[in-house]
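The sequence and model come next.

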Amino acid sequence: MDNAYKSKDIIAAPIRVVQLLYNAGDVKGPQTIAFNLPNDERIVKDRGTAMVILKNVSEAKFKKILQPIADACITKEQHELVDFESFFTHTICHECCHGIGPHTIILPDGRKSTVRLELQELHSALEEAKADIVGLWALNFLIKKNLMPDSLNKSMYVSFLAGCFRSVRFGLEEAHGKGQALQFNWLLEKEAFILNPDETFSVNFDKVEEAVESLSSTILTIQAKGDKEGASLLLEKYCTMTQPLKVALQKLESINVPVDIVPSFPAAKMLVE
């Protein structure tokens with residue numbers, strides 16, 4: 001993004017990778033694989049954010065959902081590139097990018113505001129798309145700086161493609177599903193994702209890097225400007241159930257791949273007994 005929009009003061013956020021032993025009460029609901037909190041921009045500005053990544057939940061979702069999706073939807077030649085390391089590392093980059101993107105912004109008229117306040121009901125979907133696509137861009141950036149292994153270079157894109165179908169199944173009314181449809185349709189339009197004649201999908205490695213960067217730049221600039229009209233036009237154009245998405249989702253319905261998991265906690269039961 002343009003240097004004028006970049007934050008000068010970033011507070012380094014701690015990252016905790018944990019094994020989830022038990023959760024209940026208010027935190028129960030859709031089982032997240034990670035979270036980056038708080039959401040209150042005032043506290044983020046003063047104190048930064050904290051990330052928690054749930055490794056065993058990530059492993060369960062990869063094994064029970066992402067692998068069956070890859071079996072059904074990813075072309076045979078790229079199937080082996082869907083791996084847990086890429087899925088898990090991208091999740092960490094996703095959470096990092098929630099923290100380091102625009103939060104408090106200066107509007108064109110000089111007023112101070114926040115991205116959440118300016119984008120209102122469009123904020124959540126765009127923020128989830130931002131964290132995902134900029135997380136993918138960041139992973140590529142780290143590989144080029146030799147801070148991450150080069151082995152992730154292709155697998156991160158193919159694992160991400162399989163992950164698109166996982167998140168879209170949450171529905172286009174939900175922020176993650178809406179944000180994922182935006183990314184998938186953008187990358188498909190730029191020919192970074194290919195629908196093959198046998199109704200499987202593959203990544204075009206010659207075009208994917210540029211497509212990821214262009215969408216990252218577009219979303220970050222909309223957020224930095226607090227441009228609600230730009231956000232609305234972007235989501236309106238790309239957050240749709242296109243034919244290629246329907247092809248993949250119908251395939252997953254026919255083989256009964258679960259939409260999500262419900263964890264069981266044997267260690268907690270043993271303690272109670």
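Just after helix α8, G226 takes a positive phi of about 65°; helices (H or I, at least four residues) and strands (E, at least two) are DSSP runs, numbered from the N terminus. This is a predicted model, in which local features need pLDDT of at least 70 and side-chain atom pairs count only at pLDDT 80 or more, while totals for chains, interfaces and linings use all residues. Residues are numbered from 1 along each chain as its sequence is written, and side-chain values use heavy atoms, with hydrogens and water left out.

**Helix α8**

- Helix α8 holds 18 residues (208-225), which at 1.5 Å a residue should span 26 Å, and its end C-alpha atoms are 26 Å apart, in agreement; the expected span is 1.5 Å times one less than the number of residues.
- The buried residues of α8 are V208, A211, V212, L215, S216, I219, L220, T221, I222, Q223 and A224. Buried means under 20% relative accessible area, exposed over 50%, and partly exposed in between, with a 1.4 Å probe and protein chains only.

**The sheet of β1, β3 and β2**

- Three strands form an open sheet in the order β1-β3-β2, with mixed pairing; two strands pair if DSSP finds at least two bridges between them.
- Strands β1 and β2 stand at the edges with a single partner strand each, so one side of each is left without a neighbour in the sheet.
- On average, neighbouring strands of this sheet are turned by 15° against each other, direction ignored.
- Strand β1 (residues 15-18) runs parallel to β3 and is joined to it by four bridges; I15 stands opposite M51 in β3.
- Strand β2 (residues 34-37) runs antiparallel to β3, again with four bridges. Along this pairing, F35 stands opposite V52, and the bridge partner of L37 is A50.
- In a regular strand the side chains alternate between the two faces of the sheet. In β2, A34 and N36 make up a covered face, whereas F35 and L37 make up an uncovered one.
- Strand β3 (residues 50-54) has four of its five residues buried, so it is largely enclosed by the rest of the structure.
- Helix α2 (residues 55-73) lies across β1 and β3, running at about 50° to β3. Axes are lines fitted to C-alpha atoms, for helices over the stretch in contact, and angles run from 0 to 180 degrees between N-to-C directions; contact means heavy atoms within 4.5 Å.

**Aromatic pairs**

- Rings of Phe, Tyr and Trp (its six-membered ring) pair if their centres lie within 6.5 Å; planes under 30 degrees apart count as stacked, over 60 as edge-to-face and the rest as tilted. By this rule the count comes to 12 aromatic pairs.
- One of them is the stacked pair W137 and F141, at 5.4 Å centre to centre with 20° between the planes.
- W137 and F141 are four residues apart in helix α5 (residues 123-144), and therefore separated by about one helical turn.
- W137 is partly exposed at 34% relative accessible area, and F141 is partly exposed at 39%.
- F184 and F201 form an edge-to-face pair, 5.8 Å centre to centre with 70° between the planes.
- F184 lies in helix α7 (residues 175-189) and F201 in strand β7 (residues 201-203), so this pair ties together parts that are 17 residues apart in sequence.
- Both F184 and F201 are buried.
- Ring pairs link F160, F165, F184, F193 and F201 into a cluster.

**Charges over rings**

- A charge sits over a ring if NZ of Lys or CZ of Arg is within 6 Å of the ring centre and within 35 degrees of the ring normal.
- K55 lies over the face of F88, at 5.8 Å from the ring centre.
- K190 lies over the face of W186, at 4.7 Å from the ring centre.

- E199 is not a glycine, yet has a positive phi of about 65°. E199 lies in the loop between β6 (193-195) and β7, and is partly exposed at 41% relative accessibility.
- N256, also a residue other than glycine, has a positive phi near 60°. N256 is in the loop between α10 (243-254) and α11 (266-272), and is exposed with a relative accessible area of 66%.
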